[in-house]
Amino acid sequence: MKKLFKEHKVSLYRVTRDLKLDNMRLYRYADGTCDIKNMPFNLLKLLSVYFNMSTTELYILMVDYKNGGQNEY
């Protein structure tokens with residue numbers, strides 16, 4: 001997920017602030033502490049709107065980043 005923030009030139013802090021989220025909530029997914037596959041849909045939806053992409057597109061991208069480009073959907 002950190003690669004997603006880097007590619008969109010936005011910090012994790014900025015996203016959490018803009019979406020009014022607890023920064024630890026999102027950080028746990030970004031650093032791999034929590035598996036993206038367990039992310040609540042409402043959080044995925046917020047992020048997809050923020051990054052201007054569909055939830056499916058964002059989910060596939062996050063899983064792909066997590067797996068280092070090894071597709072595992």
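The structure described here is a predicted model, in which local features need pLDDT of at least 70 and side-chain atom pairs count only at pLDDT 80 or more, while totals for chains, interfaces and linings use all residues. Residues are numbered from 1 along each chain as its sequence is written, and side-chain values use heavy atoms, with hydrogens and water left out.

**Overall fold**

The chain has five helices and zero strands, in the order α-α-α-α-α along the sequence; helices (H or I, at least four residues) and strands (E, at least two) are DSSP runs, numbered from the N terminus. For 73 residues a compact globule would have a radius of gyration near 11 Å, and the chain agrees with this at 11 Å, where the radius is taken over C-alpha atoms and the globule rule is 2.2 Å times the number of residues to the power 0.38. The C-alpha atoms fill a box of roughly 30 × 25 × 25 Å along the principal axes. Among contacts (heavy atoms within 4.5 Å) between residues at least 6 apart in sequence, 46% join residues at least 24 apart.

**Helix 4 against helix 5**

Helix 4 (residues 41–50) and helix 5 (residues 55–66) pack at an angle of about 100°, with their axes 9 Å apart, and the two helices are therefore roughly perpendicular to each other. Axes are lines fitted to C-alpha atoms, for helices over the stretch in contact, and angles run from 0 to 180 degrees between N-to-C directions. On the helix 4 side Phe41, Leu44, Lys45, Leu47 and Ser48 take part, meeting Thr55, Leu58, Tyr59 and Met62 in helix 5.

**Burial and individual residues**

Buried residues make up 37% of the 73 residues in the chain, with buried meaning under 20% relative accessible area, exposed over 50% and partly exposed in between (1.4 Å probe, protein chains only).

| Residue | State | Relative accessible area |
|---|---|---|
| Thr16 | buried | 2% |
| Lys20 | exposed | 74% |
| Asn52 | exposed | 72% |

Thr16 lies in helix 2 (residues 12–18) and, leaving aside its neighbours within four places in sequence, is in contact with Leu21, Asp22, Asn23 and Leu26. Lys20 belongs to the loop between helix 2 and helix 3 (23–30) and has a positive phi of about 55° although it is not a glycine. Asn52, in the loop between helix 4 and helix 5, is likewise not a glycine and has a positive phi of about 55°.

Key:
Parallel < 35°, antiparallel > 145°, perpendicular 65-115°, else oblique.
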